[in-house]
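Please read this report with the sequence and the model side by side. It moves from whole chains to single residues.

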Amino acid sequence: MADVLRLDPIRCDGYGMCAELLPELITLDDWGYPVIAPGPIPDRLLDHARRAVDVCPVLALRLQAAPAARRPAPVPTAAGAGGR
Amino acid sequence: MNTQILWFATRGAGIVSLLLFTAVVVLGVMTSVRWQARQWPRFLTAEVHRSIALLSVVFLAIHVVTAVVDPYASLGWISAIVPFASSYRPFWLGLGVVSVDLLVAVIVTSLLRARVGRRVWRAVHWAAYASWPLALAHGIGAGSDASAAWMIGIDAACIFAVVTAVTWRLLAGRPSADLPAVVAAIGRGSSREPGALR
Amino acid sequence: MTAPAALTRLLAGPPSQGGAEHLDAHRARLGKLPPVRDRREIVPVLEASGLLGRGGAAFPVGRKWRAVAERSAGDAVVVVNGAEGEPRSAKDRVLMSCRPHLVLDGAIVAADAVGANEIVLYVGSEHRDAHRALGRALAEREPDVRARTRIVAAPVGYVAGEATAAVHFLNTGDARPTFLEQRPHEAGVGDRPTLVQNVESLAYAGLIARHGDAWYRSAGRGQTRGTALVTVSGAVPQPGVHEIEYGTTLGEVATLAGITGRDASAVLVGGYFGGWATLEEVLERPLDPADRAPDRIGFGCGVVSFAGPETCGVRATAEIMTFMAGQSAAQCGPCVFGLAAIADATRRLAVGAAAADDLRRIDRWAGQVAGRGACHHPDGAAGLLHSALRVFADEFARHQARGRCSVARAAVA
């Protein structure tokens, strides 16, 4: 059973501790907010992921059983060729 | 049990509790202002803060239990939980009881953080700022060693550490970004809706 | 450019300049709604019709209603979304102002179908004609409809019409999007299953309840069946709201708007959530959400905004990006800082005062903000920016490298 990391972007306050503890999957953007690699967490990193979830001072990070990685439904766009 | 040993245990554990508690407050401030150094990442501050908090609970428990069990101190369990109910220096002892009660609330809400929700957790955690001075006052008023020079030295060091930390916290202002202010500044720059229909 | 076939369904009846259609005229034209027991069974008909949502996401309406109906214990809520915060869109307010009874019909059918005992008309507070028209239309209705329906003024703002924002506002007065475990159809207004549906979608649903799914599917040229409202604006002689068949080409819409020859060079399709294209490349492309061709133009909320040769694409982009940055709900770091940085950089580019790597950086930032907010606001802005960088590539390069604008025909700084 694979788990995925889910971030609550409203709670997230840019502490950045998660990126320190799980650099393989989490990096910080230009403003100090986490960018999380999508997809299931490799087994060897699960303990590190749990530690990252625990350390977050604002409880913004959560471990969730895949495939329910809950995001709002994708919005089709009018972007032209090469879109996004 | 030999009442002398119990008495030493109460005093020793009490002093260690105060020192650990002081460290917890300082580390808590350092966490919230996002302090870091080259060899000391931010997560370490948060984790050490929690570890020392749990350690201080152990010493606090020893302090309270040995005091209650000590026949010479003649304190019942009630006076350890209900503030100002003791016969010995009820006011100064009571301050310690209030401090412990607040601390228990902080620890419990922290361990159950996911359940109680962020708002409740934050409100109770701020109570920790009140818990520390109460513990200090309890030691000064009810502690057997309070007038000893070395104890005064320890008290002074703890006060210095916490005052420095709190000042640091106040000067840091809002450690987290003020997102609404950033957006409002953009809004002021250009309020025209491009291409808006009348 | 050929003239499109006239196919009015929502806009059939008296001309829109005549104001709101009253209940008696509405009923004279369309008859009464089918009985309640038929309305309660409407979901399979909607699913068969293939009706897609008109709020921009084109989500199948029948499927959405089914999801709410399954969870409702008779206590569901229907939120009629008439916020229309998209600046270049006018279709929703025109529909509400001129055909309020079509909207009310749709809301009533929805309430019966999903088991709702409350209808909330969530109307953008700046759309005063729509408020008036809906208020009067509601007053004409039966007591039991009036008893469970209320009109609420939605705050002005781009994100106020987002589904979770609407629910949040109705619950707390705060119109900011939320990031909750439970979606509105599970727990929305008052923690009850909530259907948030665009006014145009509801208007079509109401007509399908009367005329059936085969009737609805009889229009449409491609995979997506039916008709839809589009708002045509920009450098056009005849701007306004039109009803077209899905699959109508952009060239036909240009003709509708009175464009001939070289009046326009670029077009924005879908609003600020959509993207730019050069007119040449999309003249023959159909306006169809299901169009999956590599050079598709999408549909979004039906905005078709033409830019003439006197429009500087860089300046237009800077204005739109500044607007989008200023409309952020200010809850998520990447959206706030990312869009602010993009807005600043595009503004610098527009006035010819770009820093050395501004152009490279805005592309990078756009990639960094998409998908990292609680709602799709940054995604829309990033998508629009990417399309602008492609369509106006030459102009951006000119502004970055030499601080000159081909439109202004001089140094812009």
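The sections below take up a helical chain, a chain contact, a set of domains, a group of strands, a helix and a loop residue.

## Basis

This is a predicted model. Local features rest on residues with pLDDT of at least 70.

## Chain B: helices throughout

Chain B has nine helices and zero strands. Read from the N terminus, its elements run α-α-α-α-α-α-α-α-α. The radius of gyration is 22 Å, well over the 16 Å that the globule rule gives for 198 residues, so chain B is more spread out than a compact globule.

The C-alpha trace of chain B spans about 85 × 35 × 25 Å along its principal axes. Of the 198 residues in chain B, 28% are buried. Take the contacts of chain B between residues at least 6 apart in sequence: 64% of them join residues at least 24 apart.

## Where chain A meets chain C

The contact between these chains brings together 20 residues of chain A and 38 residues of chain C. On the chain A side, 12 of the residues are nonpolar, four are polar and four are charged.

## Domains of chain C

Nine residues from domain 1 of chain C and six residues from domain 3 of chain C make up the contact. The domain 1 side of this contact holds four nonpolar, three polar and two charged residues.

Strand β7 of chain C covers residues 266-269. Which way do its residues point? C:Ala266 and C:Leu268 point one way, while C:Val267 and C:Val269 point the other way. In a regular strand, side chains alternate between the two faces of the sheet. All four named residues of β7(C) are buried.

β7(C) pairs with β8 (residues 275-278) of chain C. The two run antiparallel and are joined by four bridges. C:Val269 has C:Gly275 of β8(C) as its bridge partner. Five residues lie between the strands of this β7(C)-β8(C) hairpin, and C:Gly270 takes a positive phi near 95° there. β7(C) also pairs with strand β9 (residues 303-307) of chain C. That pairing is antiparallel, over four bridges. C:Ala266 stands opposite C:Ala307 in β9(C).

## Helix α17 of chain C

Helix α17 of chain C runs over residues 377-391 and has 15 residues. From its first C-alpha to its last, α17(C) reaches 21 Å, close to the 21 Å expected at 1.5 Å a residue. Is α17(C) largely enclosed or exposed? Of its 15 residues, 14 are buried, so α17(C) is largely enclosed by the rest of the structure.

## A loop residue: A:Glu24

A:Glu24 sits in the loop between α1 (17-21) and β2 (26-28) of chain A. Why does A:Glu24 count as exposed? A:Glu24 is exposed because 12 other C-beta atoms lie within 10 Å, and a residue counts as exposed at 12 or fewer.

A:Glu24 and A:Ile36 are 12 residues apart in sequence. In space, C-alpha to C-alpha, A:Glu24 and A:Ile36 are 9.5 Å apart.

How values were computed. Residues numbered from 1 in each chain as written. Chains lettered and ligands numbered in written order. Predicted model: local features only at pLDDT ≥ 70, side-chain atom pairs only at ≥ 80, totals over all residues. Contact = placed C-beta atoms within 7 Å. Nonpolar A, V, L, I, M, F, W, Y, C, P; charged D, E, K, R; others polar. Rg over C-alpha atoms; globule rule 2.2 N^0.38 Å. Buried ≥ 20, exposed ≤ 12 C-beta atoms within 10 Å, placed from the backbone. Pairing = 2+ DSSP bridges. Expected span 1.5 Å × (residues − 1).
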